[in-house]
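Here are my notes for you on this one. Have the model open while you read, and take the points in order.

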Amino acid sequence: MRQTRLLIPTLREVPAEAEVVSHKLMLRAGMIRQIARGIYDFLPLGVRVLRKVERIVREEMQRAGAQEVLLPAVCPAELWQESGRWEHYGKELLRMKDRNDRDFCFGPTHEEVITDLVRRDVRSYRELPLNLYQIQVKFRDEVRPRFGLMRGREFIMKDAYSFHLDRADCDREYDTMYATYRRIFTRCGLRFRPVEADTGAIGGSRSHEFQVLADSGEDAIVSCEQCEYAANVEKAAIGAASDSATAGGAASQRDAGRAQEATPLRKVATPGKRSVEEVSAFLGVPAERFVKSLVYVVDGGDAVVAMVRGDHALSEAKLKEALGAQTVALASADVVARVTGAPVGFAGPIGLKTGLRRIADRALAGLTDGVAGANEADQHLVGVVQARDLADVEFADLRVAGEGDPCPRCGGRFVLQRGIEVGQVFQLGTKYSAAMHATVLDAEGAERVLEMGCYGIGVTRTIAAAIEQNHDDAGIVWPMPLAPFHVVVMPVNWSDERLRTTAIRLHDELEARGIDVLLDDREERPGVKFKDADLIGHPLRITVGPRALERGAVEIKHRTESTAAEVPVDDAAAHVAALVGAAMDLAQG
């Protein structure tokens, strides 16, 4: 392919709207252009990368036995109403009406549509298991689309859905998809970690996210330094070594008993001091001795008071799991006042009405000489002793995990990393099939509700994540499997017939070997060509210059290396093909 025949409008300056590295570099490298907030045109180079990700996904999904379908992007409201998500999904669901005033939505995901397809055409257990996938445009009307392809409104996703007669077979397919995803992201040449995750709005029980590791990642994850356990910080279980921790460490029953006798509970004035940080500074008490009390509304109904230590953050995913709830939401100021009698910032867990559920993180077990809200404006309680004042609260693992916390499996310590979620696998159970009456007849002729799994990959997001992980000050550093071109052939002077002829020859030889090769045939200065090559991120560059050519050689340079190697012209195509092949084999694992 000749560069003069491609639309590659590179930019020297960083566009004002670009915030993260992938957004800046994709705009500068001429891969995408914004047409509306969170909606992008893909230009030729961007499409080439997109197709490479799609090809890897298709090959591995088909290898795993999945079948490709293509579902409509616009979905009738009736299906979403059957599942109950029409009312609950939120404003991210783009709703519309047709000319007959019927309701539709632009699919952000396709559980309802695929369940409807299967319930109409699959009748017998003999047709199971079934795994159907598509690569399709999705739309989620994000309140704050940002970061280019990282959080756009329109995006391309691979979503797969599996159907099974029983849970055991659904477990088997989940494990198959987990292994398939590992192969997909390995083949993409990315450094990633599968982590345990919350199921979120999709629903279901078992779930793993696949996180591409990058310092700019939006998600915080922890992984054990001794074993393979890893999870999103909101989901990560914290080992028992953190249980019964007080501000000064683990408290024995004897110490707790003494503290109960010696520490009186008393009220102190804290005028205008609401946050843990403000009260801590005002009283001169460290944050780890605070009981932070948060009022939540559970499944849109009853309130519950959840407690964590003052220096910890509460995980809503863990709270939801501990309560066996579908949803939890922070209560409004009016609800807080009704439940506790206090304005926000002064609510506490002591002296509340009987029957109100209270649940505390395990790190509060054994707390002595603590501080809590007094359920009265401008007042806090000091001298809180858990064994005396909060003896009847429930305890659970409720807090967000962090660096140094103990692993629940081996007792090792957590390492904190940043990640970009590019894929997630869910075990849905019967959430959608039961609501939409998707059933088959089993071997005895009895009707059985289908078990379901769901498996998604953000195809366009994977491209952005690859750049966030692989770049330098000069531009993109593509992993070989995703690069729009494996190699660029660059004559330093296109007008020089000898250089031009050699460059064309090398281009043609590489193309004949199946290498994705770009010939930079522009009448530009060498410096411009070199800068564009680094910006676009070609893994290999062949420079055809007069001095090396006098010696019968060309220069071959890796994108990540500062120096080039001279290789005889006659050997150059074979040499480059071997380099590409080795890099692709390495990515294959």
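Predicted model: local features only at pLDDT ≥ 70, side-chain atom pairs only at ≥ 80, totals over all residues.

1. Start with a term: a residue is buried under 20% relative accessible area, exposed over 50%, and partly exposed in between, using a 1.4 Å probe and protein chains only.

2. Residues are numbered from 1 along each chain as its sequence is written, and side-chain values use heavy atoms, leaving out hydrogens and water.

3. Now the big picture. The protein has 17 helices and 33 strands; these are DSSP runs numbered from the N terminus, with helices being H or I of at least four residues and strands E of at least two. Its C-alpha atoms fill a box of roughly 95 × 65 × 50 Å along the principal axes. Of the 589 residues, 54% count as buried. Take the contacts (heavy atoms within 4.5 Å) between residues at least 6 apart in sequence: 69% of them join residues at least 24 apart.

4. Back to the cysteines. How many disulfides does the structure hold? It holds 0, a disulfide being a pair of cysteine sulfur atoms within 2.5 Å. For C75, the nearest cysteine sulfur belongs to C105 and is 4.8 Å away. For C227, the nearest one is that of C407, 3.7 Å away.

5. Strands β5 (residues 94-97) and β6 (residues 103-106) pair in the antiparallel sense over 4 bridges; pairing takes at least two DSSP bridges between two strands. M96 has F104 in β6 as its bridge partner. Between the two strands of the hairpin lie 5 residues, and D101 in the turn has a positive phi of about 65°.

6. Last, a helix pair. Helix α14 (residues 497-512) packs against helix α17 (residues 569-588) at an angle of about 35°, with the axes 10 Å apart. Axes here are lines fitted to C-alpha atoms over the stretch in contact, and angles run from 0 to 180 degrees between N-to-C directions. Which residues meet? From α14 come T502, R505, L506, E509 and L510, and from α17 come V569, D570, A572, A573, V576 and A577. By class, that contact has 7 nonpolar, 1 polar and 3 charged residues. Here Ala, Val, Leu, Ile, Met, Phe, Trp, Tyr, Cys and Pro count as nonpolar, Asp, Glu, Lys and Arg as charged, and the others, Gly among them, as polar.
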